[in-house]
Amino acid sequence: MENRFAQTVHVFAVSVFVFVLISCSGPKEKIIPKSYTVEIKAMQFQPAELSLQKGDTVRFVNQDMLVHNVTEEKTKAWSSQSLATGDSYKMVVNESSDYYCSLHPVMKGKLVVK
Amino acid sequence: MLSMLAFSVFAIAQDKPKLSDPEVAFVAVTANQIDIDFAGVAKQKSKDANVIEFANTMERDHKAVIDQAVALAKKLGVTPQNNAVSKGMLADAEKTKKSLRAKSGKAFNKAYIDNEVAYHKAVIAAVENVLIPDTDNSELKQLLQNVVPALKAHLMHAEMLQKNYK
């Protein structure tokens with residue numbers, strides 16, 4: 001009887017140890033991607049520079065009176081369609097990039113992946 | 001020559017007594033239409049991709065402004081009214097178009113972009129110093145205020161291109 005009790009205690013102790021071990025050595029806390037908004041208004045991207053983590057989402061919303069687009073500046077690696085007033089374009093950001101509106105090249109913005 | 005013509009837009013507007021809202025609306029539409037017409041000349045005369053792209057942007061943006069001005073005038077029940085300022089602007093624009101059409105090649109590209117710089121400077125001054133102060137209706141005033149950043153972006157774009165056509 002006593003032996004059986006000792007066995008139970010032993011199994012319980014081992015289980016707790018294994019649980020603690022798994023808890024400590026498991027994957028680190030998962031980072032949940034965040035969503036950001038860049039407004040296009042008064043011929044500007046606002047904010048003009050946005051710092052974010054890889055995998056975060058950014059949504060560009062045209063609140064200006066004219067048609068705009070959002071285009072990667074150096075190689076045109078990515079581009080939105082033409083955005084009329086009220087239209088938006090959403091993308092997952094995987095790397096830093098400079099972008100601009102190809103219709104109005106003086107409008108520029110920057111995504112900085114930390 | 002072209003710059004002097006463009007600047008007279010502002011000179012005419014400054015010398016006139018206060019414009020009524022229907023007159024302001026007509027001047028605003030006329031100023032936008034004139035730049036659309038300049039763009040039309042550029043698209044006929046130029047083979048330069050940057051000039052054509054700029055002209056397309058001017059056409060699209062100024063047409064959008066006209067559409068919004070016309071929609072607002074309709075909403076407010078205002079009939080835009082022709083006046084001495086808009087007549088002067090149109091007369092100047094005809095002279096400018098004639099001068100532009102007489103040029104070709106690099107000389108045309110330079111003249112068109114130089115005129116765009118001068119014209120946008122003059123229109124920005126006229127909108128900020130004459131049209132906005134003269135406007136009584138708050139919605140029309142707001143529309144004019146909203147247009148200013150676009151005009152300034154056009155000016156910066158033209159100045160950026162101007163460096164290529166010296």
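Biologist: At the start of H3(B), to within what distance of the backbone nitrogen of Asn50(B) does a side-chain oxygen of Asp48(B) reach?

Modeller: In this predicted model, local features need pLDDT of at least 70 and side-chain atom pairs pLDDT 80 or more, while totals for chains, interfaces and linings use all residues; side-chain values use heavy atoms, without hydrogens or water. Residues are numbered from 1 along each chain as written, with chains lettered from A and ligands numbered from 1 in written order. The side-chain oxygen of Asp48(B) comes to the backbone nitrogen of Asn50(B) at the start of H3(B) within 2.8 Å.

Biologist: Which residue follows H3(B)?

Modeller: The residue after H3(B) has a positive phi, near 70°. That residue is Gly77(B).

Biologist: Is His154(B) buried or exposed?

Modeller: His154(B) lies in helix H6 of chain B, residues 138–162 (helices are DSSP runs of H or I, at least four residues; strands are E, at least two; both are numbered from the N terminus). Leaving aside neighbours within four places in sequence, His154(B) is in contact (heavy atoms within 4.5 Å) with His104(A) of the other chain letter and with Phe54(B), Met58(B), Asp61(B), His62(B) and His120(B). Its relative accessible area is 2%, and under 20% (1.4 Å probe, protein chains only) counts as buried, over 50% as exposed and in between as partly exposed, so His154(B) is buried.

Biologist: How far apart in space are Gln63(A) and Ser88(A), C-alpha to C-alpha?

Modeller: Gln63(A) sits in the loop between strands E4 (57–62) and E5 (71–72) of chain A, and is partly exposed because its relative accessibility is 43%. In sequence, Gln63(A) and Ser88(A) are 25 residues apart. In space, their C-alpha atoms are separated by 9.1 Å.

Methods. Polar contact = N/O pair within 3.5 Å; in protein donor to acceptor, adjacent residues only side chain to side chain.
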